[in-house]
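Have the sequence and the 3D view side by side as you read.

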Amino acid sequence: MNLVPRGARILLHACCGPCSLMPVRHLRGEGLDVTAYFFNPNIHPADEYERRRVAMRQVGEMLDLPVLFEPQSSLPGASAVDVAAWVGALEMEVPRCLAGYESDREGEMTRLFPAQAGERASSEQREGGKPDVLREGVRCVWCYRVRMEASARLAKARGFAAFSSSLLYSRYQHHELIVAEAERAARLFKVPFFYRDFRTYWQQGIDYSRELGIYRQKWCGCILSRTEAEARKKQREERRAALRAARRAEHEANAARKRGRAGI
Ligand code: SF4
C-alpha cells in the first residue's frame, strides 16, 4: 500500500479517456488531487491519435480534471505520428529492455513475459539471431517504458507527490510488466509510483464511459495491435459465417429427409 497523504497532488498517466475514468474516481476517493497526463506516442495512425486525444479532452471537461497533453508524436521528441519510426525503434529498443531484465533479476523474464515469447526472444538474442521483438507482450515492454519514464520525469519536474497510470485499469494490458516498468521509472527519477489495481473497476468503467458517450477504441494503440485486432475480427466473422452455412446445410438436409419420407 503506497503512503501518500490525503490532499497530495498525483500525476496520472492517462492512456486514453475511457480507461482514465475509474482511476480518477478512485484516486479522488482516496482524497488525492489528480492531474492527468496524456502521453501516448504508441497510438497509430494519426487520425486515431486525434480521436483519442479529443476523447481525453472531453473526459477532462466532464470530470473537471486538469489534463496535460504532450504534443502529437510517435516518438518522444518527434513532431508527428511516424509509424515506421515507432516500429523501427521497437526493433532496436526491445532487445535492450529484455537484456536488462535478464541480467537484473533472475526469473523476471518468465514472470513478466508470455513464457514462449520471452524465452524465444531472449535465446535468439543470445545466439545472435533476430529476436521476436514485435510479438505482442514482448514489444509492449518498451511501449510501457517510454510512457512510464515520461510520466515519472514529469511528476518529478512538477513536484507531484507520486505518479500512477490508467494502464493499470485494463484487463487487456500486461499488468505485472506495467508495474515493473513504473517501479523502474520511479527509481530512475526518484519519485514514488502509486500502485492500485484498478482492474476491479473494469465493468463499472465500461458502463460509465458508455453513459458519458466517450469514444471507445477498438485496438490497443500501435499499428501492430490494429493489424492483430483486424485479423481477430476477420477470424470471428469467418467462424460465424461457417457456423451459419453449417446450420443452413443441416436445415436443408432435414427438410430433404422429411420430403423423402413423405414421398414428395
Ligand atoms: S500492443 Fe499496446 S502496449 Fe503493446 S506495443 Fe502495441 S500499443 Fe503498446
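The chain holds nine helices and four strands, where helices (H or I, at least four residues) and strands (E, at least two) are DSSP runs numbered from the N terminus. Starting at the N terminus, these elements follow the order β-α-β-α-β-α-α-α-α-β-α-α-α. This is a predicted model: local features need pLDDT of at least 70, side-chain atom pairs count only at pLDDT 80 or more, and totals for chains, interfaces and linings use all residues. Residues are numbered from 1 along each chain as its sequence is written.

**Around the ligand**
- The residues around the ligand include N42, E136, R139, C140 and C143, each being near if its C-beta atom, placed from the backbone, lies within 6 Å of the ligand.
- Helices α6 (140-157) and α9 (223-262) each give at least two residues to this shell.
- Domain 1 (9-80 + 138-221) and domain 2 (222-264) both contribute to the shell, so the ligand lies between them; the domain bounds come from an automatic or database domain assignment.

**Helix α7**
- The 15 residues of α7 (residues 175-189) should span 21 Å at 1.5 Å a residue, and the end C-alpha atoms are 21 Å apart, which agrees; the expected span is 1.5 Å times one less than the number of residues.
- Among the buried residues of α7 are L177, I178 and A180; buried means that 20 or more other C-beta atoms, placed from the backbone, lie within 10 Å of the residue's own.
- The buried residues of α7 pack against α4 (108-112), α6 and β4 (162-165), with contact meaning C-beta atoms, placed from the backbone, within 7 Å.
- After α7 comes K190, with a positive phi near 55°.

Conventions: Buried ≥ 20, exposed ≤ 12 C-beta atoms within 10 Å, placed from the backbone. Contact = placed C-beta atoms within 7 Å.
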